[in-house]
Amino acid sequence: MIRIFELKNIISIKDFERKDIDYILEEASKLEKIAKSKEVCEELKGKILGLMFFEPSTRTRMSFETAIKRLGGDGIGFENSGSSSVSKGESIADTAKMFEGYCDALVIRHELEGVSKFISDIVDVPVINAGDGAGQHPTQTLLDLYTIKKEIGEIDNLNIALIGDLKYGRTVHSLSNALGLYKNVTIYLVSPPELKMPNEVFHDINKTNVTWKEVETIEEIIDDVDVLYVTRIQKERFGDIDDYLKIKGAYVVNKKMLEGKDLIVMHPLPRIDEIDTDVDDTKYNKYFTQAANAVPVRMAILKTLIKNNPK
Ligand code: NCD
């Protein structure tokens with residue numbers, strides 16, 4: 001079947017239909033050989049990717065940079081507002097327009113929701129949201145889905161537990177939205193009462209066939225799930241540090257609780273203390289594979305957007 005991918009920008013996973021996700025996941029599996037063999041191809045030879053990271057990032061920025069380089073292109077950009085002219089008072093709009101002059105696509109991370117959308121409205125090159133505040137992180141969701149499909153074989157018919165900071169965690173917001181496109185999915189939401197999934201996300205998932213249930217302990221659901229998707233408490237988004245300290249360490253997944261279970265453990269990383277390191281050497285650990293899968297998935301995204309939207 002010939003598939004067509006029509007999105008020019010990747011701002012929210014809510015803009016995706018299932019066929020769009022299928023397209024990117026198929027492209028990613030075709031590119032996986034190059035990603036893993038550490039080769040370079042010429043698909044995007046001479047193309048420049050702009051990496052505008054106003055907020056810290058390790059995996060997302062490095063995997064986008066690796067992805068463009070493996071496709072034969074290159075990346076330019078900054079890692080925090082302090083190292084860009086924004087620190088001299090330049091507006092985000094001016095910075096973005098200047099980057100547009102140098103680049104074939106822009107990747108944006110910012111602590112405020114809506115910044116990638118704003119930039120996509122004022123530049124002509126494709127814009128990719130690499131995380132906007134507590135909003136969305138659509139490319140993380142694509143690599144999460146890629147990992148689930150590769151490890152379990154399908155995304156339909158799964159029971160998935162989302163654990164930790166469901167209030168501020170943008171990865172779980174995007175993932176919940178995406179799971180709404182699949183059949184017979186149950187989501188268990190495991191969080192302290194203070195960090196429950198926001199109403200907007202419930203509003204969206206209630207429009208889909210997803211069944212969801214809020215619980216307070218991992219023990220209640222561990223025998224029923226195929227995936228434990230663990231997240232860190234988003235310390236930087238708390239107004240009052242004491243509120244963070246009260247909740248810190250609320251959930252810890254360890255090797256003992258996983259023994260005999262038929263499931264995988266995922267985490268967008270960085271991990272603080274929510275997965276004990278004794279899980280690292282078990283068959284349950286898929287979080288490092290998940291991080292490595294970022295490269296073929298982001299290669300697929302860049303190849304598709306830049307080829308479909310030549311400058
Ligand atoms: C996540 C993020 O930035 O939202 N990290 C990532 O991109 N892999 C998760 C997090 O910071 O907790």
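Mentor: Two strands pair if DSSP finds at least two bridges between them; helices (H or I, at least four residues) and strands (E, at least two) are DSSP runs numbered from the N terminus. The model is predicted: local features need pLDDT of at least 70, side-chain atom pairs count only at pLDDT 80 or more, and totals for chains, interfaces and linings use all residues. Residues are numbered from 1 along each chain as its sequence is written, and side-chain values use heavy atoms, with hydrogens and water left out.

Trainee: Which residue in β8 does I163 stand opposite?

Mentor: Strand β5 covers residues 159–163 and β8 covers residues 227–230. The two run parallel and are joined by four bridges. In β8, the residue opposite I163 is V230.

Trainee: In what order do the five strands of the open sheet lie?

Mentor: The pairing in this sheet is parallel. Its edge strands, each pairing on one side only, are β7 (211–215) and β9 (264–266). Neighbouring strands are turned by 20° against each other on average, direction ignored, where axes are lines fitted to C-alpha atoms (for helices over the stretch in contact, meaning heavy atoms within 4.5 Å) and angles run from 0 to 180 degrees between N-to-C directions. The order is β7-β6-β5-β8-β9.

Trainee: At about what angle to β9 does helix α5 run?

Mentor: Helix α5 comprises residues 138–152. It lies across β5, β8 and β9, and its angle to β9 is about 165°.

Trainee: Which residues of β8 are buried on each side?

Mentor: Buried means under 20% relative accessible area, exposed over 50%, and partly exposed in between (1.4 Å probe, protein chains only). In a regular strand the side chains alternate between the two faces of the sheet. Both faces of β8 are covered, and the buried residues are V227 and Y229 on one side, L228 and V230 on the other.

Trainee: Why does N184 count as exposed, and why does L269 count as buried?

Mentor: Phi is positive in both non-glycine residues, near 55° for N184 and near 65° for L269. N184 lies in the loop between α6 (170–179) and β6 (186–190), whereas L269 lies in the loop between β9 and α10. N184 counts as exposed because its relative accessibility is 51%. L269 counts as buried because its value is 13%.

Trainee: Which residue does a cis peptide bond join to L269?

Mentor: Most peptide bonds are trans. Here omega is about 10°.

Trainee: How much of the ligand's accessible area does the protein cover?

Mentor: Residues surrounding the ligand (a heavy atom within 4 Å) include T60, R109, H137 and L269. An oxygen atom of the ligand is 2.7 Å from a side-chain N or O atom of R232, and a nitrogen atom is 2.9 Å from a polar backbone atom of P268; a polar contact is a pair of N or O atoms within 3.5 Å. On its own the ligand has 320 Å² of accessible area (Shrake-Rupley method, 1.4 Å probe). The protein covers 94%.

Definitions and conventions
Polar contact = N/O pair within 3.5 Å; in protein donor to acceptor, adjacent residues only side chain to side chain.
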